[in-house]
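Subject: Structure handover

Hello,

Here is the structure I promised to pass on. Please open it first, then read my notes below.

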Amino acid sequence: MTNMPHAESELQYSTPFELLVAVMLSAQCTDKRVNLVTPALFSAYPTAEAMAKAGVEQVFHHIRSVSYPNAKAAHLVSMAQRLVSDFGGEVPDTVEKLVTLPGVGRKTANVVCAVIWQKPTMAVDTHIFRVSERIGLTTGSRNPLQTEQALMRIIQPEIIPLAHHWLLLHGRYVCTARKPQCDQCGIQDACRYFNKSRSKTTKKQQNTQTFA
């Protein structure tokens, strides 16, 4: 994505713990909304130790405007407690360890490992799942795990952390779900969807000329 050479997360954070919290909050919620609630949340609970001592109701107060705040508040407190008890309050650097934390799924673990530790892990959200299939990076993937595995096979390991953000931001702002902005796309020539649409348009024009 040459028009996004410095793609990066739009979540605002300053520590691995803050990123982990922000990613957990971003599930089925916009980054913009998450960024509105995290400053006060991080101020109140800047570390795993601080959040581990908080009550679920206290955390809920800070995040009540995000999606599923009750469940997320409970997960955040439990996650912080597990970080303290099992990892000395430090965010683990492997997917296998991260997914043992309450409320942390594979996608969240992949994001943290890629962004914080620059590991070749590919987090697949709805944007990446859609864009990968639409432009032709994957074919017939039925779920995020299949998309992740397919992308890992074709993308060089050293650029996978960047590729995650390239695909996500491309899907968020250009290759949108309902109406992709093909006129603004820098990869038209390599896109399966665009070339198929162009082929259909050309064929329709030829048929129209034939019967004119």
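Read along the sequence, the protein chain runs α-α-α-α-α-α-α-α-α-α-α. That comes to eleven helices and zero strands. Please keep in mind that this is a predicted model.

**Overall**

The C-alpha trace spans about 75 × 35 × 30 Å along its principal axes. The protein chain has 212 residues, and 43% of them count as buried. I also looked at contacts between residues at least 6 apart in sequence. Of these, 56% join residues at least 24 apart.

**Helix 2 and helix 4**

Start with helix 2, residues 31–44. Its partner here is helix 4, residues 56–63. The two axes come within 8 Å and cross at roughly 150°. Angles over 145 degrees count as roughly antiparallel, so helix 2 is roughly antiparallel to helix 4. Which residues meet? Helix 2 brings Val37, Ala40, Leu41 and Ala44. Helix 4 brings Val59, His62 and Ile63.

Threonine 38 also sits in helix 2. Is threonine 38 buried or exposed? Its relative accessibility is 1%, and the cut-off for buried is under 20%, so threonine 38 counts as buried. What does threonine 38 touch, leaving aside neighbours within four places in sequence? The contacts are Gln12 and Leu25.

Now a jump along the chain. Threonine 38 and phenylalanine 129 are 91 residues apart in sequence. In space, their C-alpha atoms are 27 Å apart.

**Helix 8 and helix 9**

Phenylalanine 129 takes us to helix 8. The axes of helix 8 and helix 9 come within 10 Å and cross at roughly 60°. That angle makes helix 8 oblique to helix 9. The crossing of helix 8 past helix 9 is left-handed. On the helix 8 side, Ile128, Phe129 and Ser132 take part. They meet Pro144, Thr147 and Leu151 in helix 9.

**Helix 9 in detail**

Helix 9 covers residues 144–154. Look at its start. There, a side-chain oxygen of asparagine 143 reaches to within 3.2 Å of the backbone nitrogen of leucine 145.

Which residues of helix 9 are buried? They are Thr147, Glu148, Ala150 and Leu151. Seen down the helix axis, these buried residues fall within an arc of 170°, so they line one face of helix 9. An α-helix has 3.6 residues a turn, so residues three or four places apart point the same way.

What does that buried set pack against? The partners are helix 7 (106–117), helix 8 (126–135) and helix 10 (160–173).

Glutamate 148 deserves a separate look. This residue lies in helix 9. With a relative accessible area of 8%, glutamate 148 is buried. Again leaving aside neighbours within four places in sequence, glutamate 148 is in contact with Arg106, Asn110, Met122 and Val124.

**Where to look**

Find threonine 38 in helix 2. Then view helix 8 where it passes helix 9. Finish on glutamate 148 and its contacts, among them Arg106 and Asn110.

Best wishes

Terms used: Residues numbered from 1 in each chain as written. Predicted model: local features only at pLDDT ≥ 70, side-chain atom pairs only at ≥ 80, totals over all residues. Heavy atoms only, no water. Buried < 20%, exposed > 50% of the residue type's maximum accessible area, 1.4 Å probe, protein only. Helix = DSSP H or I, 4+ residues; strand = E, 2+ residues; numbered from the N terminus. Arc of directions from axis to C-beta. Contact = heavy atoms within 4.5 Å. Polar contact = N/O pair within 3.5 Å; in protein donor to acceptor, adjacent residues only side chain to side chain. Axes fitted to C-alpha atoms, helices over the stretch in contact; angles between N-to-C directions. Parallel < 35°, antiparallel > 145°, perpendicular 65-115°, else oblique. Left-handed = near helix turned anticlockwise from the far one by under 90°.
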